[in-house]
Amino acid sequence: MKKIEYFDENFKTGKSPEKAGIKYYNVLEKPFCIYGISMENGKFRRLPEKVAVRISEGVAALHANTAGGRVRFCTNSAYIAISAKMDFITRTPIFSLLGSAGFDLYSREGNREKYEGSFVPPMDMTEGYESFIELEGSKSREFTIHFPLYSAVRELYIGLDERARLSEARPYRYQMPIVYYGSSITQGGCASRPGLTYQSILSRRFNCDYLNLGFSGSARGEERMADYIKTLNMSLFVYDYDHNAPSPADLQRTHERMFQAVRSAKPQTPVIILSRPRYILRSDEKERLAIIERTFQDAKAAGDKNVFLLTGRELMNACKEEGTVDGVHPNDLGFRSMARALGNVIKKNRLLEEASHEAGPDAGL
């Protein structure tokens, strides 16, 4: 039987445009600005390798997955191409390849951010791929490209019309990042594309930077992870690893301990504690929720005015039981519901505004 691409060209994956005058740029060079990841020893990473290997085998394996990575720039090119070289590509039955291994593109004009399209990876790719997106016109705009959520990128080049202007994008309105720590859900499983994780949605809503420290199956509230997180400059800490604690006893042992470790180093930083995003809980999940609620209640009893709790029911209120692909990992509807709940807490309590005032003009630089 012929492939679906034969009957419907919309299923074709892109290749680099065969056009005269295309020029490729390395995203590590100016005027491109990288957020959420950094280059170390030939790989993009979310935290230093020496830190990752001391925490656990899982964190060491996953820290080069580029979840939350972004590159921003400004151009008037009528198209944008990418050429990516990748060391590791994740394929799983419940996760789209575009989400785990693809890139997507947003433009910004003024305060309006628009999805322009996705750089769709071919199913048979092994070490990277090329793709391009045709744009409407050649007007100057700011662009953000989101990196893959569950794969490791070694190199990324951006192709533009050689006659196009290229300049640095404006910085985020809130430059000190939100730091997210947690499980595969935090890492982005199973968004259909990278720009639809709840962190990406919130970044567009508030025009804020963020760092994704989600580690699939490997967020255990380790002391060494807490020691690393408390060194980071952050506007807000979002704390969620319920699914990865092996048992309620493990959660009991680590949850409040990690909160207190971060709080001791960041006494004024707002913290939002999340329980697993599930609308209706089983009995064992209710036990876990009680442990998480105890961390929150103890903090409030101690006079902490900058700690907030969002339960799984609140996180999934906009989609109820229709928000996951498998009963655990959110689909796009679930991630949007989570982003709405978190965004409402951030807006109502002016958490980013308060953090920017405390940090001063050089925050995050």
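Student: In helix α8, by about how many helical turns are aspartate 250 and arginine 253 separated?

Tutor: Please keep in mind that the model is a predicted one. Aspartate 250 and arginine 253 are separated by about one helical turn, because they stand three residues apart in helix α8. Side chains of opposite charge can pair when their charged atoms come close. In this case the side chains of aspartate 250 and arginine 253 do meet in a salt bridge, at 3.1 Å from N to O. Aspartate 250 counts as partly exposed, because its relative accessibility is 22% and the buried class ends under 20%.

Student: How many residues does helix α8 have, and which of them are buried?

Tutor: Helix α8 covers residues 248-265, which makes 18 residues, and from its first C-alpha to its last it reaches 26 Å, close to the 26 Å expected at 1.5 Å a residue. Its buried residues are Pro248, Leu251, Thr254, His255, Met258, Phe259, Ala261, Val262 and Arg263. The elements that cover these buried residues include the helices α7 (223-229) and α9 (283-301), together with the strands β13, β15, β16 and β17.

Student: Which residues have the most contacts inside the largest nonpolar core?

Tutor: In soluble globular proteins, nonpolar side chains tend to be buried together. Here the largest nonpolar core has 37 residues, and those with the most contacts inside it are Tyr198, Val238, Ile272 and Leu342. At least two residues each come from several elements, among them β13 (174-182), α6 (198-206), β15 (236-240), β16 (271-274) and α11 (332-348). Of these contributions, the largest share is that of α11, with seven residues. If you follow leucine 342 and leave out residues up to four places away in sequence, you find that leucine 342 touches Tyr198, Leu202, Val238, Ile272, Leu274, Leu310 and Leu315. Apart from this core lies another, of 35 residues, and Val59, Ala226, Phe296 and Ala299 are among them.

Student: Where is arginine 193, and is it buried or exposed?

Tutor: Arginine 193 sits in the loop between α5 (184-187) and α6, and it counts as buried because its relative accessibility is 12%. To read such a residue, look next at its partners: the side chain of arginine 193 makes a polar contact, at 2.9 Å, with the side chain of aspartate 104. Once its neighbours within four places in sequence are set aside, arginine 193 is in contact with Leu98, Gly99, Asp104, Tyr106, Tyr115, Ser118 and Leu149.

Student: How many salt bridges does a search of the whole structure find?

Tutor: The search finds 23 salt bridges. In one of them, glutamate 113 and arginine 108 meet through their side chains at 2.7 Å, N to O; glutamate 113 is partly exposed, with a relative accessible area of 23%, whereas arginine 108 counts as buried at 8% relative accessibility. Lysine 230 and aspartate 227 also meet in a salt bridge, at 3.4 Å, and here lysine 230 is partly exposed at 28%, while aspartate 227 counts as partly exposed at 39%.

Student: Which residues are linked in a network of salt bridges?

Tutor: The network links Asp242, Arg276, Arg278, Arg282, Asp284, Glu285 and Arg288.

Student: Where does UniProt place a domain?

Tutor: An unreviewed UniProt entry places the feature "domain: SGNH hydrolase-type esterase N-terminal" at residues 22-165. In the predicted model, the end C-alpha atoms of residues 22-165 lie 13 Å apart, and the span is 12% helix and 47% strand.

Key
Residues numbered from 1 in each chain as written. Predicted model: local features only at pLDDT ≥ 70, side-chain atom pairs only at ≥ 80, totals over all residues. Heavy atoms only, no water. Core = buried A, V, L, I, M, F, W, Y, C linked by side-chain atoms within 4.5 Å. Buried < 20%, exposed > 50% of the residue type's maximum accessible area, 1.4 Å probe, protein only. Helix = DSSP H or I, 4+ residues; strand = E, 2+ residues; numbered from the N terminus. Contact = heavy atoms within 4.5 Å. Expected span 1.5 Å × (residues − 1). Polar contact = N/O pair within 3.5 Å; in protein donor to acceptor, adjacent residues only side chain to side chain. Salt bridge = Lys/Arg side-chain N within 4 Å of Asp/Glu carboxyl O. UniProt positions renumbered as here; feature names shortened; annotations may be inferred.
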